[in-house]
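Reader: I should like to learn how to read a few features of a protein model. Might we proceed feature by feature?

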Amino acid sequence: MSIQVEHIHKTFGQFVALDQVSVNFPDGALTALLGPSGCGKTTLLRVIAGLETADSGRVILDGEDASSTHVRQRQVGFVFQHYALFRHLTVFENVAFGLRVRPRRTRPKEAEIRLRVHRLLDLVQLDPLANRFPTQLSGGQRQRVALARALAVEPKVLLLDEPFGALDAQVRKELRRWLRRLHDELHITSLFVTHDQEEALEVADRVVLMHRGRVEQVGTPTEVYEHPASPFVYGFLGAVNTFHGRIDGTHLRVGEATLPHDGDAIHQGADAVGFTRPHELEIVTDLATPHGIEVILDRILTFGASARVELDSLPDADGRGEPTHYEVILPREKVDALGLVEGQRVRLVPSRIHVFPNQTA
Amino acid sequence: MAAVAGVLHARVDARRYETNAATREAPWVRRLILGAALSFFVLFLLMPLLAVFAEALRKGWFTYVTALTDPDALSAIYLTLLVAAIAVPLNLVFGVVAAWTIAKFEFRGKRFLTTLIDLPFSVSPVIAGLIFVLLFGAQGWFGDWLFEHDIKIIFAVPGLVLATVFVTFPFVARELIPLMEAQGREEEEAAVVLGANGWQIFWRVTLPNIKWGLLYGVILCNARAMGEFGAVSVVSGHIRGQTNTLPLHVEILYNEYNFAAAFAVASLLALLAMVTLGLKSVIEWKANQGVTATD
């Protein structure tokens, strides 16, 4: 089932949680709603579920306007961050709940309920624990029960609110892979909310990036990572280095230095900010190189396969007072080959730099 | 049941505190503190309780049974049970509704309502009784109207029920509000997404989650309803065999220097107190099992 939201607006008192949000969620895809806390992603999910009513705008489920239908009628499966399992019921009864509360006409027979619940518990690999109570399970197991419970009512869409938020890193990683596999098996239209960009990029088919109640960008993980549509997206999707300067032809002029940029349509001479990822910067020890910006090497951190080098701009290099901080990631051998030492002066040459007009100027 | 939930943690903490050499007090300090607490307990709680039964049985079982089977005493027992049987269910329903409203919804004046619920605790029971006399008494606000329609509230059973409901108003709500606030709305939301209607949510999700707290509140409410003296005394009129509840009956017998009978009836109330305490302990124990399971 496809989901469309059109011009959804929602305020809590003075706070604008959703500001005219319109997005399409195609049928059968696994979409991540990604953004920092307070960006409105959970509110959007709850509006789609019907747990929250928008001030204005429409929610269209499967081509039909569902804005005024009750949660009960929307046929959505919802998974809560803190599981919200019924603590007085066993795992089995938790999963069976949605079937047992149906009106008698549509309620399956007891044998049918048993069969379906056990099949679902098999699917989430928890059938042996059917008679346990939620408190006797680990966090990861509880979330899987919550998922089975949501699936029991055969929802048209599955909505997951920070499903792995309350779990520790190890379990989280495992459940992520597991959710992806499950989605590949069931092909149910799914939306999950997360503030973890790695989680969104790894698991989802599509990512919807939200910021301050607005949608910043929609795209595949590769699209949003490689071609961020705004400075916010650039900064949110991973570590980034910024260069404040002025557009000068095909170069960004930062103080005395010139850096080639990938040339989007920005006015000649306009104030601009260049963005580049830590692995897109090269360290050159020969200070006579014409391109690049001269910096002081502050710290070299070597653990794992790659080394992280932290550098600072020369005092007052770009006329902004405080030194700008840069971060470069490169293979360890490269650090040894260059013979880098802390305190050394080097040049930073970006292999790729993306510029946006400077909003703050 | 916040109180109930706290008990277990307190017990675990106390044990750890006591077995830890670093925090253990010197033996004489422990003995002194324990001794002080115990003598206080014996002097002010145990002795009066024993005295009630000793006095009640001083003139033998025959007098005891006679005092309890006296028609006035039987009528007082019946009236007390009747008042409790009306007041407790009323406050059970009210308490659940009030706690539900306060814990699960946001609205203007919520804090005011929470404070208002505590009013009967902070007002002297005698004042509570007087309020009803002023409202429904012969010279009260609704006195004329009630007289015209031949409805008797003051010096009659309805007055006793009203006064009792007022005084025992907060017990159930007070017990449930913190419990329901702590549990939040998520389970109810999960239930509604799964297709449950309001009625099903209440019976299948909300009630099972609050049942021990609710029972605890009901038992305290009942104990107070049966034992209430002040408010009931004002509205009762002390008509023997008609508007006398057990506590009032005790007072009348005592004022007539009929000590054996007074203590015999009082022993019933004392028994009620002990049963209440017993039930309370069982419920705390049961609820703690729930807590251990939910931790």
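Author: Let us begin with helix length: the expected span of a helix is 1.5 Å times one less than its number of residues, and helices (H or I, at least four residues) and strands (E, at least two) are DSSP runs, numbered from the N terminus. The model is predicted, so local features need pLDDT of at least 70 and side-chain atom pairs pLDDT 80 or more, while totals for chains, interfaces and linings use all residues. Residues are numbered from 1 along each chain as written, chains are lettered from A and ligands numbered from 1 in written order, and side-chain values use heavy atoms, without hydrogens or water.

Reader: What span should helix α4 (residues 139-152) of chain A have?

Author: Its 14 residues should span 20 Å at 1.5 Å a residue, and the end C-alpha atoms are 20 Å apart, which agrees. After α4(A) comes A:Glu154, with a positive phi near 50 degrees.

Reader: Is α4(A) mostly covered or mostly open?

Author: Buried means under 20% relative accessible area, exposed over 50%, and partly exposed in between (1.4 Å probe, protein chains only). In α4(A), 11 of the 14 residues are buried, including A:Arg144, A:Leu147 and A:Arg149. Their cover includes β6 (76-79), α2 (91-100), α3 (110-123), β7 (157-161) and α5 (169-186) of chain A, together with α11 of chain B.

Reader: Where in chain B does B:Glu228 lie, and what is it in contact with?

Author: B:Glu228 belongs to the loop between α12 (198-227) and α13 (230-236) of chain B. With 3% relative accessibility, B:Glu228 counts as buried. Contact means heavy atoms within 4.5 Å; leaving aside neighbours within four places in sequence, B:Glu228 touches B:Pro125, B:Val167 and B:Pro247. The side chain of B:Glu228 also reaches the backbone nitrogen of B:Ala231 at 2.9 Å, and a polar atom of that side chain lies 3.3 Å from the backbone nitrogen of B:Gly230.

Reader: How many residues line the second largest pocket?

Author: On a 1 Å grid over the protein atoms alone, a pocket is an open set of points where a 1.4 Å probe fits, with protein on both sides within 12 Å along at least five of seven lines; lining residues have an atom within 4 Å of a point. The second largest pocket holds about 440 Å³ of space. Of its 16 lining residues, the closest to the centre are B:Lys104, B:Phe105, B:Arg185, B:Glu188 and B:Glu189. α11(B) gives the most to this lining, with 3 residues.

Methods:
Polar contact = N/O pair within 3.5 Å; in protein donor to acceptor, adjacent residues only side chain to side chain. Points joined across faces, edges and corners; volume = space filled by probe spheres on them.
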